[in-house]
Amino acid sequence: MSKTIVLKQRPKGIPKTSDFEFIEEEQPLPNDGEVLLKTKYVSVDPYLRGRMRDEKSYIEPFQLEKPVASAIVAEVMESKHDDFKKGDFLMGMLDWKELQVNSGKELRKLDPRLVPLSAYLGILGMTGLTAYFGLNRIGAPKKGETLLVSGAAGAVGSVVGQIGKIKGLKVIGIAGTDEKVAMLKDEFGFDSAINYNKVTDMASAIKEHAPEGIDVYYDNVGGNTLDAAMKNINRFGRVINCGAISLYNETEQPTGPRLETTLIKQSVKMQGFIVSNYEEDFLEGIQQLSQWLLEGKLKQEETVVEGFDQIPQAFIDLFNGKNKGKMLVKVY
Ligand code: NAP
């Protein structure tokens, strides 16, 4: 038998484990041209929350009573596919299932000797590439400038800040605990960091850390933090709208200050993006990130939760800030 996690109901507010259901299925068997896969690592990501809403977006919503899916590293247990053999590790968008059969069409073979398998879901995967392309292509950072990054201790944010340091910027992070603030400064070399849970006036806190103002703001959380950053943005500043996790569980359409006049007066460029916009250039990103990793200029941080049954809770814990770096579930 093999377990599958399906979406039982669409979450209202912060997701709950009761929004998901575990079902038991017979172990599937591969046909010709297929592989039988055993899930090893599951990536849980904030954007999956958007797919749980029945709304039009850049990606289809999950269907009720159907499996949830995310980026997964899996081992080939049995192969009837010419390109893959038993023992290969593959990665792709796969269902939250212990065992599954797949045609391999959209799966990529991984080399476990180059980097730990989990890195393909983090620093050399979607979140590392999001940090790399968002910062470089939209932020266009220049040596000596000041970079502010929110969600700074997470998978994307921790890489953004480190790239900022590699590029010679002053880097300020925003995160949710003192432990994370210490990690940003001591492990990742950020110049300073702010615990947003201890600050009543975020705009003033940013000003204290960056009296010279912010040239590049890499936004992972949106909402009030974005509003506060905009009060400190410099002329010709760049704002990268990568994510808005503080709004993902809102049940009403949030309102906030109008930004038009700040954008005009300060000649600020503000741009959202989806990492797949840069798909054609992913190889460049992977090569550069790998090189920085090998040179010891980039550090990867992961929070690895163990056990297939923990997948829903690990996903929910992204919204409780339980992770440092990339949140992953190790299934075996
Ligand atoms: P992550 O930062 O590793 O994990 C989420 C973190 O968000 C938590 O650890 C928590 O840290 C913080 N958080 C949770 N609720 C919050 C709230 N209400 N206010 C402020 N912070 C909150 O996740 P990630 O995968 O790196 O993603 C970061 C952001 O980038 C997300 O918004 C995600 O949707 C976005 N993203 C966008 C793309 C793209 O293509 N545009 C791709 C990947 C990710 P604290 O302890 O600091 O609160």
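Author: Helices here are DSSP runs of H or I with at least four residues, numbered from the N terminus. Please note also that the model is predicted.

Reader: Thank you. Which helix gives the most to the lining of the largest cavity?

Author: Helix α3, residues 155–166, does so, with three residues. Among the lining residues are Ala 155, Ser 158 and Val 159. Others include Gly 122, Ile 123 and Thr 127, together with Lys 299, Gln 300, Glu 301, Glu 302 and Lys 326.

Reader: What volume does the largest cavity have, and how does its lining divide by class?

Author: Its volume is about 70 Å³. The lining of the largest cavity comprises three nonpolar, four polar and four charged residues. The structure holds one cavity of 30 Å³ or more.

Reader: And the second largest pocket: how much space lies in it?

Author: The second largest pocket holds about 320 Å³ of space. Its lining has 16 residues, and those nearest the centre are Ala 244, Leu 247, Tyr 248, Gln 253 and Pro 254. By class, six residues of that lining are nonpolar, five are polar and five are charged.

Reader: Let us turn to the chain as a whole. What does the secondary structure come to?

Author: The chain has nine helices and 15 strands. Its radius of gyration is 20 Å, close to the 20 Å that the globule rule gives for 332 residues, so the chain is as compact as a globular protein of that length. Along the principal axes, the C-alpha atoms fill a box of roughly 60 × 45 × 35 Å.

Reader: What share of the residues counts as buried?

Author: Of the 332 residues, 51% are buried. As for contacts with a separation of 6 or more, 67% come from residues 24 or more positions apart.

Reader: Why is helix α6 described as largely enclosed?

Author: Seven of the eight residues of α6, which spans 223–230, are buried, so the rest of the structure largely encloses this helix. The buried residues are Gly 223, Thr 225, Leu 226, Asp 227, Ala 228, Ala 229 and Met 230.

Reader: Now some single residues. Is Thr 39 buried or exposed?

Author: Thr 39 has a relative accessible area of 1%, so it is buried, the cut-off being under 20%. Thr 39 belongs to strand β3, residues 35–43. The Thr 39 side chain reaches the backbone oxygen of Lys 97 at 2.6 Å.

Reader: What lies across from it in sequence terms, say at Ala 74?

Author: Thr 39 and Ala 74 are 35 residues apart along the chain, and their C-alpha atoms are separated by 4.3 Å. Beyond neighbours within four places in sequence, the contacts of Thr 39 include Ala 74, Gln 100, Val 331 and Tyr 332.

Reader: Where is Asn 102 found, and is it buried or exposed?

Author: Asn 102 is in strand β6, residues 99–102. It is buried, at 18% relative accessible area. A polar atom of the Asn 102 side chain lies 2.6 Å from the backbone nitrogen of Gly 104.

Definitions and conventions. Residues numbered from 1 in each chain as written. Predicted model: local features only at pLDDT ≥ 70, side-chain atom pairs only at ≥ 80, totals over all residues. Heavy atoms only, no water. 1 Å grid on protein atoms, 1.4 Å probe; cavity = no way out; pocket = protein on both sides within 12 Å on 5 of 7 lines; lining within 4 Å. Points joined across faces, edges and corners; volume = space filled by probe spheres on them. Nonpolar A, V, L, I, M, F, W, Y, C, P; charged D, E, K, R; others polar. Helix = DSSP H or I, 4+ residues; strand = E, 2+ residues; numbered from the N terminus. Buried < 20%, exposed > 50% of the residue type's maximum accessible area, 1.4 Å probe, protein only. Polar contact = N/O pair within 3.5 Å; in protein donor to acceptor, adjacent residues only side chain to side chain. Rg over C-alpha atoms; globule rule 2.2 N^0.38 Å. Contact = heavy atoms within 4.5 Å.
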